Amino acid sequence: MAKLDLLLGLQWGDEGKGKVVDALTPKYDMVCRFQGGPNAGHTIEFDGKKFVLHTIPSGAFNDKCINVIGNGVIIDAKILKDEIDGLAAAGIDLTQRLMISNKAHLILPTHRVLDAANEKALGKMKIGSTLKGIGPTYTDKTARRGLRIGDIMMSDFKIRYENIKAKHYQQIRDLDFDINEVRLDGMSFADYEKVWFDAVDFLKTFRFVESEYLINKYLDEGKSVLAEGAQGSMLDVDFGSYPFVTSSSVIAAGACSGLGVAPGRIGKVYGIFKAYCTRVGTGPFPTELFDTTGEMLRANGHEFGATTGRPRRTGWLDIPALKYACMLSGVTDLMMMKSDVMDELQEIKVCMGYEYKGQVIDYLPYDACTETLKPVYTTIKGWNCKIGDSDRKTEVRIPEKLEEYIRFIEEKVGVPIKFVSYSPDRNDNILR
């Protein structure tokens, strides 16, 4: 009986999960998304082309791999159709290799309007939502009034849709928000709604499945399955920097509920992190940099959101936060991304703890969102050289000082770093 391997982001998202999944998929028969929605974008680059996947699992580029959108994912039909069409235009046909859980919830057009209305009402306390309707959709899911993929095939689907839409209209009015105030992908609400219904009809051409049975059947048959998470562990709804978090469980436990797989069936847990840290939107970020080094990390790392284009906040690596994320999910293997972004630095700082209420601590306290955590740093010498050969003809070796940085992280976190990425290209990786 096979185990399900799991790939997670360990920071505040944008760690480079798409590239790692793409690199791993030749080993797997199936890749599954288990939570989140189109608020996340996994970027994959190869052969001079760049693809951003928002809902589709990153196994899309392996023609021998089945891709499953699990029950824990929420789906905007229009965004998913656009993504499928974009891949088809690049010669990637998913009609036989993409399956969607009947139990995955739908993001309705009014969910996106509610998202905008809620953010406007919060004013300076806004969460920093991507305005994709994620929070309102998960709210309806837990309130037991959501619509799911399987409902698309029901004869009364339009009636159910109109009933929920009416409830949303009332909520939007209560927030003193004009529905005509918002543009959805550049369209008025009425125009977007028409396009959305066309996309719903399009999705009917794909297989809707009881994904929990399918995934467990694959494992029973000894086939290899990889679960792919979205966002990052520090955005988890329970253990992240609440309330500046996403609306789903991002850690390993979320894969069990988001796919219908028992905890005992989890095998390897791959944890992805950057050699530094980034965060999008509001919320605490103890190691954030506001100087030229921060600007350099943003520029060299092309740190702009794959979904929103927003500039990401940048900062030094945070060891207590990384260790916390590893603990929550039982990470077995670490994968470090974007080491090349720091090639030019002669010195690198690493956060080892925080000054908090007159003492130094090495954990994240409950009130981290309301109390200032001042980072306590140690300084490490940078490698101050380019990693890898631009023509890729020679074996790439890890510079001595980078190896020291890697070993330092391994010692402090207690998990081995098995994979080091040194460029966005799918081939530029070093296995340790």
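Two residues are in contact when heavy atoms of one lie within 4.5 Å of heavy atoms of the other. In this predicted model, M342 touches A275, Y276, L297, W316, I348, W383 and Y405, leaving aside residues up to four places away in sequence.

M342 belongs to the largest nonpolar core, which has 73 residues. Together with M336, Y405 and I409, M342 touches the most other members of that core. Among the contributing elements, α11 gives the most, with six residues. In soluble globular proteins, nonpolar side chains tend to be buried together.

The sheet comes next. Strands of a sheet pair through backbone hydrogen bonds, either parallel or antiparallel. Here ten strands form an open sheet with mixed pairing, in the order β9-β7-β5-β2-β10-β1-β11-β15-β19-β20. Its edges are β9 (207–209) and β20 (429–431), each of which pairs on one side only. From one strand to the next, the twist averages 25°.

One pairing can be followed at residue level. Strands β2 (residues 30–33) and β5 (residues 66–69) run parallel and are joined by four bridges. Within this pairing, C32 has V68 in β5 as its bridge partner.

Helices pack on the sheet as well. Helix α1 (residues 17–24) touches β1 (4–9), β2, β10 (225–228), β11 (266–274), β15 (333–337), β19 (417–421) and β20, and its direction makes about 155° with that of β1. Helix α11 (residues 400–413) also packs on the sheet, where it touches β11, β15 and β19. The direction of α11 makes about 140° with that of β15.

Definitions and conventions
Residues are numbered from 1 along each chain as its sequence is written. This is a predicted model: local features need pLDDT of at least 70, side-chain atom pairs count only at pLDDT 80 or more; totals for chains, interfaces and linings use all residues. Side-chain values use heavy atoms; hydrogens and water are left out. Two strands pair if DSSP finds at least two bridges between them. Helices (H or I, at least four residues) and strands (E, at least two) are DSSP runs, numbered from the N terminus. Axes are lines fitted to C-alpha atoms, for helices over the stretch in contact, and angles run from 0 to 180 degrees between N-to-C directions. A nonpolar core is a set of buried Ala, Val, Leu, Ile, Met, Phe, Trp, Tyr and Cys residues joined through side-chain atoms within 4.5 Å. Buried means under 20% relative accessible area, exposed over 50%, partly exposed in between (1.4 Å probe, protein chains only).
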